[in-house]
Each structure stands twice: as C-alpha cells, then as structure tokens.
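Here are a few notes to read alongside the model. Keep the structure open while you go through them.

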Amino acid sequence: MGAMERKYELCGPFLPRRHPSLKTSAEIVDEARRTLRAQSTQRPCTPRDVQRQLFARSSIRADHNSRPSSTFSLHAQNFDVSDSRPSSGTRLSPLEHKSKVAVLNKDEKFSPKPPTEPVDTKRGGLPVTRARLLRATSLTTLPPLAGHAEAQERLKLGMSKKLPPPQTQVCGDHNEIPGVPHKHGPRRTQSESKLTQPNDNTTVRTTEGGPEWRTDLGDGQTTASAVEDSKWVKIAPLLQELKATAASRSSEASLEHLCDLCVSLHDALAEAGMLGHHGCKKRSTILRTLFQLIDLNSSRLDLHIAELCLALRVSGNNLLNICKLVFQISRNESNDALFQDNSVIDFLLGLLLREEVSTSGEALFYCVGTLKFLSGNTAIIRLLLDKNCMRVAQKFVQKLCTVDDAFFTMAGHILVQLTATLRNLADHLEARPLFVSYSLMSQLCLVLQRHRQDQDVCTNVSRIYSKLSSYAECRLSLAENPDCYHLFLELLSKHHQKQDLVVRLLFTLGNLTAKSDEARQQLFHCEDCVDTLLRLYDDYQLREDSPAPTAASVREGEDVLVKLVRVLANMCIHPDVGAALASNTTCIQLLMETLELRSVQESEELIVNVAATINNLTFYHKDSSALKRSQLAIAELMLKLIVSSNMDAILEATRVYGNLSQTKEVRDFVVQNEVHRFVVTLLDSKNPEVCFSACGVLTNLALDPPNRGRLSVEGAAAKLTDCLRDFGAGDWQLAGQVCQALWNMTGGGSEKLLDTKEGRSLLEILTSYLDEDKVLKWAGNKDVSGYHRESWELDFRPVAQKLLTEIVT
C-alpha cells in the first residue's frame, strides 16, 4: 500500500474499550471480549419474620397437621416429676434372666416386704436364695485394693461382728471389680452402680477410675448420704420459701423474689455438686417445686426455671416441655434481653451436640426454633458467635444429614429452623468468614442434595447463598463444589414455580459467573443448562395471552427475569458460551420478546439488563448466528430505548448500535430513522462512557461518504472537539476514539472537516496532547510502563498524529 493510500485509510469499525497494554491483534480481540460487562442487580429482599412463627405462611408445612405446633399451653401438670433416664441416652439392654430382686427407682422409698421364699432358720433367718447369693459373693473373693488400707482394716474388724441383712450385689457392665463374678443385669449409671459388702458397713461405689469406698456412719447412712444431707440443709429452706412465695401470688415483688430464689437455688445446687442428671437423690423434690412455679405465667421466672431444669439435665417429656417453654418465651421479641443474662443459650447449644434426633427430635426442633427467633436480634447474634454457635451448627448439620430414614421428616422440620438461623447469622460481618472456615458452604450443598424435595429447606439455603455469594471468599468456597451448578439447575427445574427459591438460586448463579470464566464454563457444560434456563425464561415471560396476574406476581416474575437475564449476560462473556448463545434462536427470540412486551418506564432494570445481554452477544454476531439474522429487528427494538429519558437504557442502546453498525444494513437503518441525530446530542453528556459509546457509533457511520455530510450538518465535528477537550487528558481511550471518529469524518483526510476557527482549536488540543512531557505530568509523573503512558501510546498517539498532520497541511 502506497503512502497516498495509507493517507486516506479510514479507521476500522468501532470496538469496545480494551486494556491498552495488550498490543497484538489476537490479544486486542481477546481483551475486547473481556470488556464485555458482567451485570449486577440487587439481592432479593428476605422478609422479616415479624410474628416469629416456626413456618411462614408460604411454607409447604403451613397446613400440615403432622408438623410440630407453634402454639400450645404448658402447665405444671404437663411435666413428670419422675425423671430418671440415664444421662448417656442409651437404651438399657434386656435382662438375660428374671431377677427376683426388686430394683427401686431412686426417688421411691423402700418399704420392707414379707419374704416370698422359705426362711432358713439355720442361717439366721435369711431366705435360702439370699444365703446362696451371699456365698457366691463372699468377701474372700475381693482382692486387696491399694490405697485403701484403712478400709481394709475396717473390713477385717467387721468380719468378727454380727452380719447385718445382706444387700444384693449389682455390678455395672463397664465397671467390673477384678475377682468378683459378674452377673448380667441392667446397666447402671455411675451414681447408681455400687457394691455393698455383707460383713461391713462399707460400700464400694464403682466409678470410671475404679471402685470408690464409702464408710457407713453409726446410724446406717453412708458418708455420701450424710454429705448430701448436710448440703440439703441449705437447699431445703430455699425450696420451702419458693413454695410459700408462689402460694401468695400477691404482687410483682413476689415474682421478683421468686426469680432471686431461683438464682440462689441454682448457685446452691452448683456449689453442692448436685446439678446434672444424677447429681442429687432428692431431685424429684426440686423438680416438683420448680414445675409448680410454671403456672404463675411469668416469662422471666419461667426462664429461670428452664435454666435450672436444663442444669439438672431433665430428659424425656420434661426436656421436651422445657424446650417448649423456652421457645414460648422467645416468641415475644421483648423477652430477648432476658436471654442475655443467663446460661440458657449455652444449654440449648449443648443440646444440639448431645441429643439425638431419634430420641429427642421434637425437643431439638423447639430448641432450634428458639435460636432462630433469637438470631433475629443483633445483640443475640453477637452472643451466639461468642459461644461458638457456628461450630455447633456445623456439627449439628452433619448429624442431621446422617439420620436414619425413619427420622428423616423430623430432621427436615429441624433443618427449616436451623437454616433460617444460619440465614440470620449470614447478615453479620464476623459470621461470614466462619461459613468458610467451618465448611458450611459445602455442607449446605449436602443439605440441598438430601432434602431437594423440601421447598422450605431449599429456600432457606438459597437465601444463605444469595447473601454470602456477594462476598469473594464465600463465593470461592461455594465454587469449590463443582456439583453445585448441576444441583442448582436441578432445583430450578424441580421447583420452577417457587418464585422466592428460583430468584435466589439465579442471583447466586449470577454472582458465581460475574467474575469467573471457570464458573461460566462449568455452568454451561452442565447437562441441559441452557435448556433449563430458557424454559424458566419462557415460564416467567409475561405475555398478553397470560391469565390476568396480580401486581405482586408481575413484580415477582419480573424479578426472576432480571436475575435470569443477568446469568445469561455473565455466561456469554466466555467465548464458547457467547458463541453458543448468539447462535441459539430461542435465546435471541426470548430477549427480543421481552423488549417488545415491556417498557422502560415499567420495567427499567429488566430492559437495561436485556439490552446489556444483547450487547454482549453482538460481539459474536457471525454470519451464521441467530443474532446476525435478527440484527435489523434488534436495531428497531433499540429505538424506544434510545429515545427514552432513562440514561442507563440510552447507554445500553448506544452500545448495541455501536456493535451492530459495523454492518452497512444497520448503518442505513440508523440514518433512515435519524438515530444519528440522537447520537450526536449524546456528545454533550457529562458521562465519559456515554461519550465513548456515541463516538463508536459515529466512527462506524462515517465509514459511508453520504453519512459524513449528515453528521457535519448536525455539528458532530465541533461536538467531538469539545468532547476531546473535556475528557481527553483523563481518558486516552476516549480521546483516541474521538480522533478516530474525526478522521473517518474527513474521509481519511480527503474532505474538509472544520472551518478555520474550529480547525485552529483542534490543532491546539492535539499539539498539547501529543507533548510527551505534559503527558507524563498529567499521568502523575508515572514511569514509562505506567497505564496512562501505554494508553497514550496505543490508543491516542497514532490516530492523533494522522489527524494533526491533516489539519496542518
């Protein structure tokens, strides 16, 4: 190509902004693709549970009779004074033989009964069977125990004394005494398992570390019993005062006094070591007194009672009713402050770790329901985090995901409450990293897989993901589970009519694909990905023949489309995905149909997102693509955006025209419909992005000689010069695009562009901008490898020098 030919060479078609440091043609094209913009949108709003119900009105459980109730009445008569389940929670193994020795409840009083066997007068009046039992367990079989010399001496002395009535020997399975014949029987807890020797007033109580010796007092009571009796002296008056004060029911002062007495009772029991399931022999007396106070209907007092009962490790029906009681208190938001001054929350978290769904499922349900309500309070959230609730939640989620099928339904009920609790915690800044460090992002995927049929569980998990996926560390943690894309698509297909679930899953997918090419590719390659998304698009596309929708359903359906279109826009940034979607006729038709059915005034965000998606797809408008075949129809649809008063819509439409106007058919359409006049006026905008996109359209229009005169009539050259003066020094890409538009308008230097005054003004600007010393100063004295210097060299200087040469000559 000769010098004269090069002189009149026009600048190529407009390309989107690119990073200036990429120099080769292939790199420039690749970077241009990367400038395709990921779309953003607002996160779906999670409605606040004002009434504090277990299940929302929209829940699939709302009308189920089988689910636990949110409302109930609790009175003293609902509780059981007998509460003797072993603290381990394990079931007692069946006896291998029928014992003729009566086993007493620890709360029952012993009353002697007449012997049922013949009495052997030769053996001191003892029944024959008992005599045989004594022989079988003779003390001579007991080995000497180190460290108990004094006890052994007392045993020797006792051998010469008259034998008291012998006691039945019972030995725990895991606490056998070496040398003592073991007989199978019911397993007893540490406090119950003991050996009583017939020749002495000494009792051997088995413990985990070995047998523990206790010496009887002269009145027949053991030392342990005597110690407990001595401690009971301090506790009994408190119980009596509780009863007396409760009986008065006189005033608020008496309720206040009852609360203080409960605190004193708790402290006294703790000091005496009587808390826990088997810490006190007279536990039924304490429980009976506490249960009677529940009928006074005081939330503060009830919480003190609950704290005491949980400290005493009640079980079975009592545990359920205490959890119900605490739940009932938490339903009233004004009671939240009561939970900050006691250890109830600690006990509730402990229940999640200790109890099993198979034995205490309903109690756990109300326990987690309480935590859900309380986690709506920011002060309580801080308290929960201090108590390491996230670690507890992680362990509990693991437990719930492994329950037997027989308890699957109850596990689902509990998970609804637990995931709602985690949803509240996800709002807290300090909780977000814990979702990552405790792998809860991954474990919640397991919850979705196991409970994929449960809309309530899936919706709550989707709310957690929609909140956390807006943050990079959480988004990366979720993306580490490649199966999540397939799982989300499956849920979108299965629950496509559940709007609040669908919109949050789409929002999460939009976040995952916003900044990750890998996520775009993984989602696209999932089986039926595009088909699933487009079917969903078709379901929520509001058409004229659709049944008359309510205003709320219109808003909800539009919100789904906004999030779904955003996913498509983000996905097509990947070249493989973009090319496939640009060639997908259904995709292009649905986008165009949305522009036809909706107006900018009524559906601003949706229309803008659709236009942005089309703009991204225009990068791939090859001759064989569906978008290329529909480019004139798309250009026509952009008309109502370009003439609207919404600047975002105008900008997106201008970008679409900038890409589509690379073909002559679209350029002719633009001029015939006088779109070029609107584009010229956009140069007066104070928005650099708007000016850049307008310059792109003018650069392409000026490729055709007939259009140059039309642009000159509209004053395009003067406006371009003003734009260069206003924005050039701060944006070399924009400055270079202005120069390209001016160069094309001159026909590559073959046509007169400006009058003398305008030419002189442009000459001064170009001379100043081509001064390298000034450029370095404007760039903040950055070195030659700095961004501004490279942008100046690549985007501005080549075309500006050509334009300057033409003006000078």
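1. Start with Glu-430, which makes a salt bridge with Arg-382, their closest N and O atoms lying 2.4 Å apart. (A salt bridge here is a side-chain nitrogen of Lys or Arg within 4 Å of a carboxyl oxygen of Asp or Glu.) The pair joins distant parts of the chain, 48 residues apart: Glu-430 sits in the loop between H14 and helix H15 (432-437), and Arg-382 in helix H12 (residues 378-386). Helices are DSSP runs of H or I, at least four residues, numbered from the N terminus.

2. A word on the source: this is a predicted model, where local features need pLDDT of at least 70 and side-chain atom pairs count only at pLDDT 80 or more, while totals for chains, interfaces and linings use all residues. Residues are numbered from 1 along each chain as its sequence is written, and side-chain values use heavy atoms, with hydrogens and water left out.

3. Back to that pair: Glu-430 is partly exposed at 43% relative accessible area, and Arg-382 is partly exposed at 28%. (Buried is under 20%, exposed over 50%, partly exposed in between, using a 1.4 Å probe and protein chains only.) Arg-382, Asp-386 and Glu-430 are linked in a salt-bridge network.

4. Now look at Arg-354 and Glu-355, whose side chains meet in a salt bridge (3.5 Å, N to O). Arg-354 is partly exposed at 34%, whereas Glu-355 is buried at 6%. The total count is 21 salt bridges.

5. Is helix H17 buried or exposed? Of its 14 residues, 13 are buried, so the rest of the structure largely encloses H17.

Conventions
Helices (H or I, at least four residues) and strands (E, at least two) are DSSP runs, numbered from the N terminus.
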